[in-house]
Amino acid sequence: MAKLFSGIQPTGAIHIGNYLGAIKNWVALQAKHDSMFCVVNYHAMTVPYDAEKLPQMTLDLAMDLLACGIDPRKSILFIQSDVPEHTELTWILNTITPIGELKRMTQFKDKSTQYPDAINMGLFDYPVLMAADILLYKSEVVPVGEDQVQHLELSREVARRFNNTFCQIFPEPKPLLTPAARIMSLTDPTKKMSKSAGPASYIALNDPPEIIAKKLATAVTDEARKKRADPGTPEKCNIYSLHQYFSSPAEIKKIAEDCRTASIGCLGCKKILANNIIKELAPIQVKRKELAKNPDQIKKILAQGAERARAIAQKNMAEIKTKTGLLL
Ligand code: ATP
Ligand code: MG
C-alpha cells in the first residue's frame, strides 16, 4: 500500500472547497493506502490567531474530519504539534532549501497581502514545514487542492536535494487532485474559497440549511452578464460550477438550457443548488452532532494517532540524523 499523507489547518470552519478538493478524496483513498491525516496547528500559527481559541478549533476540526468519514481504524489521525519531529526535520530541510524558491510561492505572496502587518518567518517557511510533514513519513502520495500543488513541487525538490546531498531515502511525493481541485469564493469568484477569507465567502460543512440558502442567495454570479444584457452564459458562472459537484447530470443539463434561454433566473438556479448542498451535508452534520457529545473520545483518538505517528517519525528521524551526521 502506498504511503499517503495530508494535512489541514485549524484556521476556521471547514468549507465545501476543503471537502470537495481534499477531505472527500481522503475518505475514499484511506481504504487503499497507508494513510495519515494531520491537523496542522503549527501551520495555523503562521497567520494571526487567538491562542485561547486554538485548542477548541483543533478539536472541532478533528470532529469534522471524523464526521466526514475519516476512520481511525483505517488511518492515523493526529495533531501536528504532538509529534515534535515535524519541526525537527523542518530545521534540517531548511538548510538545503534555497530561499529563492520560497520567494516564488504564491501562498506566501497572497497571505503577505492578506496580513501585511504580520509577515513572519513562519509564513515564509510554511512550505518547508509542509515538506517535513510529508517526508518525515516517507509519504508517496499527497491528496490536496490545486492551491497546494506548488508547495508539493517544492517538497519534491527538497526530497531530491536531500537524496542527492546525503542519501537516497525520500520518495518524491506526488499530488493527487480531485475534479473539484479549486472551488471559488462565493463573494469573489476570482479567488479560491478559503477558511481565512471569512464566513460569507464560503459554505461551511456545518452551516444550517437557512444559512446555506442565505449565503447562496447573495453569492456573486456571472456579473458580466448584467452588463452585457444578453442571455446567460452558465460556463462563466461560479454557481453553475458548483452545480457540477452537487446536482445530477439531468439537473445540470436543464439548468444550462434554462439559463441560456433566461427561463430560469439566478435566484431559481441558486435555490436548486442550496437544496442539493443541504441534502449532501445533512448526514455529515448529523454525525458531527453525535461526535460533539463526547470530546474525550476524540481526544483519545488523537492521542492514539499521535502515538502511532510518533513511532514512525522517531524511526525515520534516527535514519535522517545518521545520514546528516548528527549522531555520534
Ligand atoms: P486558510 O485560508 O487558512 O489557508 P484553506 O481553506 O485554504 O484555509 P487549508 O487548511 O489551507 O484550507 O487547506 C486544506 C486542504 O484544502 C488543502 O489540501 C487545500 O489544497 C484544500 N483546499 C483549500 N481551499 C480549497 C478550495 N477552494 N478548493 C479546493 N481545495 C481547497
Ligand atoms: Mg490554505
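Predicted model: local features only at pLDDT ≥ 70, side-chain atom pairs only at ≥ 80, totals over all residues.
A polar contact is a pair of N or O atoms within 3.5 Å. A nitrogen atom of ligand 1 is 2.8 Å from a backbone N or O atom of Ile-183, and a polar backbone atom of Gly-17 is 3.2 Å from a nitrogen atom of the ligand. Taken alone, ligand 1 exposes 590 Å², of which the protein buries 97%.

The site of ligand 1 is the largest pocket. Around the ligand there are 22 residues, and those that come nearest are Lys-111, Asp-147, Lys-192, Lys-195 and Ser-196. Sorted by class, this shell has 10 polar, 7 nonpolar and 5 charged residues. Helix α1, which spans residues 16-29, gives the largest share of the shell, with 4 residues.

Lys-138 is not a glycine, yet its phi is positive, at about 50 degrees. Lys-138 is located in the loop that runs between α7 (121-135) and β4 (141-143). Ala-262, also not a glycine, has a positive phi of about 60 degrees. The loop that holds Ala-262 lies between helices α12 (249-260) and α13 (266-292).

How values were computed: Residues numbered from 1 in each chain as written. Chains lettered and ligands numbered in written order. Heavy atoms only, no water. Near = heavy atom within 4 Å. Polar contact = N/O pair within 3.5 Å; in protein donor to acceptor, adjacent residues only side chain to side chain. Areas by Shrake-Rupley, 256 points an atom, 1.4 Å probe, with all protein chains shown as cover. 1 Å grid on protein atoms, 1.4 Å probe; cavity = no way out; pocket = protein on both sides within 12 Å on 5 of 7 lines; lining within 4 Å. Sits in = over half its atoms within 2 Å of the grid points. Helix = DSSP H or I, 4+ residues; strand = E, 2+ residues; numbered from the N terminus. Nonpolar A, V, L, I, M, F, W, Y, C, P; charged D, E, K, R; others polar.
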